[in-house]
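Hi,

Here is the model I promised to pass on.

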Amino acid sequence: MTATKKTQYICAVALIVTSITMVAYQVFTIQDVANGLLVYVAQAFLLAGSIFGLDYYIDRIASMVNKG
């Protein structure tokens, strides 16, 4: 695994962890989740999913090209 992939995975996991942490903090402090935070969570999960999904898709194509 290259350093670039490790960095991408660390960033993706950090985005997911920070969004879950921020939601948990707001739920425990004010018993509500603000709209702005929901937008952040949606964007964080979208970016993290894109990082993992795009990497998987590129690896699949590369393995198909290398086979034949």
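What percentage of the 68 residues in the chain do buried residues make up? The figure is 15%, where buried means under 20% relative accessible area, exposed over 50% and partly exposed in between (1.4 Å probe, protein chains only).

Some ground rules: this is a predicted model, with local features needing pLDDT of at least 70 and side-chain atom pairs counting only at pLDDT 80 or more, while totals for chains, interfaces and linings use all residues. Numbering runs from 1 along each chain as its sequence is written, and side-chain values use heavy atoms, leaving out hydrogens and water.

On the fold, you get two helices and zero strands (DSSP runs numbered from the N terminus: H or I of at least four residues for helices, E of at least two for strands). The chain is more spread out than a compact globule, because its radius of gyration is 16 Å, well over the 11 Å from the globule rule for 68 residues (taken over C-alpha atoms; the rule is 2.2 Å times the number of residues to the power 0.38). Its C-alpha atoms fill a box of roughly 55 × 20 × 15 Å along the principal axes.

Searching the whole structure turns up one aromatic pair (Phe, Tyr or six-membered Trp rings with centres within 6.5 Å; stacked under 30 degrees between planes, edge-to-face over 60, the rest tilted). Y9 and F52 are stacked, 5.1 Å centre to centre with 20 degrees between the planes. Y9 sits in helix 1 (residues 3–30) and F52 in helix 2, so the pair ties together parts 43 residues apart in sequence. Y9 is partly exposed at 22% relative accessible area, and F52 is partly exposed at 33%.

Cheers
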